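I opened the notebook and the model side by side. Here is what I looked up, entry by entry.

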Amino acid sequence: MWRKRRQTVRNSIVLGDVNQFMKDGPADADPDREADRLREHVLFRARREVARLGLQQPTMIPVSWRGSDRWVQPSRAVLGTDPGRLSGTVHRIPDVCRDLPRHQVVVLGEPGTGKSVLALSLVHDMADAPQPGDPVPVLMSLSSWRPAVPMRTWIIRQIRQNGSGPAARRKVGAQAAAALFDACRVMPVLDGLDELPQPLRARAVEAIDAAIPKGCWLLLTCRAEQYEATCRAGSRLTRAAVVELRAVETRMAIDYLRQSKVAGDRRWDAVFEAIRGRPESTLARTMASPLMLYLTQTAYQASATEPAELLSGKEYASRENIEDRLLDRYLPAAYAESAPGPYTQTRARRYLSLIARQMGRDGTVDFAWWQIRSLLTGPAVGLAFGCTWGWFLYALLGSGWGLATGLLTGLVSLTAHAVVRYELKQVYVPEGALRGPRALVRHYALIGVGSALAVAAVTGVCVSWWLTRDLNAQAPLARHYGALVGAASGAAALLGSAWGSYQASRLWFWLTGRLPRRLAHFLEDAHRRGVLRQPGAVYQFRHERLLRLLGARAVKEPYRSVQGEWSASWRRWGPLLPVFATTAQVGSALVVLGTVSLLYATTSGVGLDYRSGDKPGYGARTVACAPSSSDGSCTTVDVWSWKVPAGSSRHTVWLPATVRDRSIQRWSGRIGARGCAHASVEVTLALTGQAPAAFTVRDSSDAPAADLPHPVRPERRPVSVTLRRLDHRPCTLLVEWTGPGLVDDALEPVRKRLGIEAAGFPVRVHTENSRITVLRNTALPPIVNSASRVSSRYGNAWLVCT
């Protein structure tokens, strides 16, 4: 046996079909056998659906149809028959398909007229009692087709899907399915063209017309208005006869209800007499809908009920009230105990009630997965961002800053999240979106995870860079805090994304018993049962009044859409909406961090109080004004000045005005000279106990004040400046110190909290006007006038002033 198996594999390799062999097994040369296998499973599925819907208990509703008189009808020459003579009931649809020369039919109808039931009935009847030459009818839902998959490929996949399962002895392989389709041995029964997004309907019709070979059978169902609009756009099935479902006649409705009751049951007599005598009455017009007729039979099947109540009472005065009363029985009928599936009537109603309330809250008749929103999600997002940045600022600056930052970032995060959620813009899906609900979930899962990783990376890098640059933190410590803040911010961003919020809300509703664990599976099951329809990327209740019956507030005219309806000028920004909230949330936190750094940098000045020596002149200088300075909104700085004649010097001593628990870093401001051409002055700045800093300033120039050799602990020690003329020109030189004072290390308390040691600061080497030279670890040159040995982070150095 193994030898034969190996030989078969070897032959498959020679033919180049080894991959197909591994998938489908050896090809079956008998197409009749493959068709029988496919028919067997199609019939199994159809019988199960017919039994679930109770379509033959005791008989099907006699829905009639006739050839459409709309302009979408092909000509008689194309059809080979007069379309006006086409008529019959649902049971005659297979005969019409056999009799038409082209064997192609389009079935149109309004909501609730039984289009899907007709398609199922055709599949059941043709598979159960095939006649010679009949193909195998295969029911396919068009809502799952997208242009990315060629129509022929999609149909073959549907054939394979219908040809596998417990009823089939062996599944139909890809080669066999393709061969059956190409040989017209399969009849695609395409249900729900109107469930495709509007821009795709015309493309679908064109693809169907091109993919179905000449002479092959076809049936397509669609709502009348949608198919007519598609044909007006220039796309139609050129070889298909168009028929329309009609309302149930009064006589047929009475016959159906009479066959449904037991012999001797007189409860319906008054109803029959009323609708027979008044065929235009509210009740008679309600019974003209196949769905309402079916629900009436279901609602009053039990002997304890009284159908005559439909004839009297305020709640039955209008058709809408009667339909609402009957629709209340719709879900029990769709989720009957005998119907296969994991969802009972009670559970299904509870799940659908939550979905309906979410739709009513959003003011829309469309439902998409991103509408699942728990009231806890927004506060959870704000709490996540607030705790992350509140903890970080607490670690840096203490509880006050931590609490304020946490509240601010949390509030901004909650607001940004609420804005995009309230306007249903967290997911931007145009009406022509090609992705279905499941594909959109996967797509936005990638967007959410990608955004979270980007937020984690950007935040971590910014925090690490700030710690290294402003606090001189070592790389391991900076990376540690960067990783913690980045990871926490990324997790908060993921929670705030459309996918993250959906998963968190779905989990909460599942834990509280209001949604199933697998929501997508439940929605697909409801779509299969006919409770929901799926036009494109969203779901809709097949009957909109079910929204109110399920507890949602009435939405007569939906004022909001879950799909993108922006004007053309704004539409290009639609793809950025998924990251808008995340950008606002992370941006607010980084702005807080930058504000803290700037605030500490601008409050690090230490003023000086005059003590002795040559008292300078005091003044102020305007450095910046607002665009409109009429209100006096200008910024000024202090200016101290000395007049230094030729051959003289000036010496002034101050004391620091304030002493903070922060190390002093440098002198502030700039020192300049003017008023005496070619003159120069030597400036010596000294802090008691520290090496002085000396540099030369020439006329019409200035220089920044010097840094200290290394930070100095805060003490109220004298500070002095000495000005000495270096030239002998006869004029007086005016020396000005703009922005005088000292600068302390404003972030030193932050370093202490993080355990970062304050590093020394290198001596600044001034440019052309400065004559400071740093000689590291060298002997003192003999020509130096004055020198001091200082300690810096570079080791021992000589500060030489020449």
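A note on terms before I start: a crossing is left-handed if the near helix is turned anticlockwise from the far one by less than a right angle, and right-handed if clockwise. Helices (H or I, at least four residues) and strands (E, at least two) are DSSP runs, numbered from the N terminus.

Ground rules. I am reading a predicted model, where local features need pLDDT of at least 70, side-chain atom pairs count only at pLDDT 80 or more, and totals for chains, interfaces and linings use all residues. Residues are numbered from 1 along each chain as its sequence is written, and side-chain values use heavy atoms, with hydrogens and water left out.

Helix pair. I found that helix 20 (residues 437–471) and helix 21 (residues 475–496) cross in a right-handed way. Their axes (lines fitted to C-alpha atoms over the stretch in contact, with angles from 0 to 180 degrees between N-to-C directions) come within 7 Å and cross at roughly 150°. The two helices are therefore roughly antiparallel (over 145 degrees; under 35 is roughly parallel, 65 to 115 roughly perpendicular, the rest oblique). Among the residues of helix 20 that meet helix 21 (contact: heavy atoms within 4.5 Å) I noted Gly 448, Ala 452 and Gly 460.

Confidence. I checked pLDDT, the predictor's confidence in each residue, from 0 to 100. The protein averages 78, and 81% of the residues score at least 70. Over residues 1–29 the pLDDT is below 50, and over residues 759–802 it stays under 50. Where pLDDT is low, the predicted coordinates should not be read in detail.

Last look. I saw that Gly 234, which follows helix 10, has a positive phi, near 105°.
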